[in-house]
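Reader: I am new to this structure and would like to know what the words used for it rest on. Could we go through them together?

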Amino acid sequence: MSAVELVMPKMGESIMEATILKWTKKVGDSIKQDETILEIATDKVDSEVPSPVAGVLQEIKYPEGAVVEVDKVIALIAVGSSAAAPAVAPVAPPSVNAPVAAPATPIAAAAPTTPPLAPNNTTANRFYSPLVLNIAREEGIGMAELENIAGSGKDNRVTKKDILDYVAQRSAVPVVAEPIAATPVVAPPTPKTAPAAPSAISGGNVEIIEMDRMRRLIADHMVMSKHTSPHVTSFVEADVTEIVNWRQKVKNEFWKRENTNLTFTPIFVEAVIRAIKDFPRINSSVDGYNIIQKKDINIGIATALPSGNLIVPVLRNADRYNLVGLAKALNEMVEKARNNKLTPSDIQDGTFTLSNVGTFGNIMGTPIINQPQVAILAVGAVRKMPAVLETKYGDVIAIRQKMFLSLSYDHRIVDGALGGSFLRRVADYLEEFTGEGKI
């Protein structure tokens, strides 16, 4: 008998771990190839993991609720003639080293006055993820102090939740002066005191609503992005009268011929693609002091879900589509997102994100960068505005269709000149739109 290892799939460039929501099979169950074996979740999407082979589930290595790093073996599937007789009993309760889920509600009584510490002999040479190290640097936590933080991950590894919980409880604990980075520090940073959270019940007529799991993950992801990237936002106004008039003229014909709506979004995406080719540094990510410039142009579209949450499906190689192809592909992608039919590959490898805040009647916004990207564009509502036009007879005031565009960018590698020039180029391409030969 042979066994095939089932590993935690990589769900995206910035995703280093996932939570096991549910095992849909138990040890001893027969499994068909491509049949769902478990459900997992990241801060971006819930997904089903199919079996790569047909066989019998021989061993489950992590229980439901465990947070597991990508590429870790999570189960064994027996294949071959002996597959019908698994040798391993159903998974036992997790050992002390197994990842465990956080309790659903905090314990009010007997709260410790200092963060929990782990014995030094259990944390020596322990692995720390780049995210944990980055948070430690920003909070002034030295390596000696980091090694004393109790870890809930596999092999006592410190997870993002562990270090953020530690920081929140750290006000009474002196900070060790030793820095993680090799750069010398003149003086230890001043301990940060966590602001007191306002009472959830402040009197009056209130309703307490617990965040659902996806909203909590989105919240963590947004805070992480602000922690990681120094955000700068630039704004520009664009005259899109020609686009509005052209779309009004052809949208009915487009629907009859292509059986899909023609929205403004594919036109915006086309302008973004052309501007990225002019300024390729916008299509990058940051790794320490290295700039990872992407050759593929994969555009993410921020999509509001019926639940009120947000997800960003990705259109890969968007520069290979013409306007008709963009319209069809984007409509299909958004429809899958709203019907909760996205797969892990649908949200992976985005290099730039577009958010249409105009959908909600907003004229502009200051979007948060979708890590590990370095820029995100928000487009506002198109409105009729009075504008001064230059003619051969002199200046005149006319009614024009105008909109604001705002670009948030990572100031570590995108300076104001690059961010502003890119944003202006997008607006120029929109203003130069004629629609000739587009459909």
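This is a predicted model: local features need pLDDT of at least 70, side-chain atom pairs count only at pLDDT 80 or more; totals for chains, interfaces and linings use all residues.

Author: Gladly! Residues are numbered from 1 along each chain as its sequence is written, and side-chain values use heavy atoms, without hydrogens and water.

Reader: What makes a pair of residues a contact?

Author: Contact means that heavy atoms lie within 4.5 Å. In the protein chain, 66% of the contacts with a separation of 6 or more join residues 24 or more positions apart.

Reader: Why is T303 called buried?

Author: Buried means under 20% relative accessible area, exposed means over 50%, and partly exposed is in between (1.4 Å probe, protein chains only). T303 has 2% relative accessibility, so T303 counts as buried. Of the 439 residues of the protein chain, 42% are buried.

Reader: Where does T303 lie?

Author: T303 is in strand β13, residues 303-304. Strands (E, at least two residues) and helices (H or I, at least four) are DSSP runs numbered from the N terminus. The protein chain has eight helices and 19 strands.

Reader: What makes a set of residues a nonpolar core?

Author: The members are buried Ala, Val, Leu, Ile, Met, Phe, Trp, Tyr and Cys residues, joined through side-chain atoms within 4.5 Å. The largest such core has 51 residues, and I299, F352, L377, L405, F422, V426 and L430 touch the most other members. Helix α6 (residues 265-278) gives this core its largest share, eight residues. A second, separate core has 20 residues, among them L6, V27, L57 and A66. In soluble globular proteins, nonpolar side chains tend to be buried together.

Reader: How do you know that F422 is buried?

Author: The relative accessible area of F422 is 0%, and therefore F422 is buried. F422 sits in helix α8, residues 416-431. Apart from neighbours within four places in sequence, F422 is in contact with V272, A275, I276, F279, I282, F352 and L407.

Reader: Why is I363 called partly exposed?

Author: I363 has a relative accessible area of 32%, so I363 falls in the partly exposed class. I363 is in the loop between β16 (352-356) and β17 (375-379). P372 is found in the loop between β16 and β17 as well, and the peptide bond from Q371 to P372 is cis, with omega near 5°.

Reader: Why are D71 and N259 called exposed?

Author: D71 is exposed because its relative accessible area is 54%, and N259 counts as exposed because its relative accessibility is 58%. D71 is in the loop between β7 (67-69) and β8 (73-79), while N259 is in the loop between α5 (241-258) and α6.
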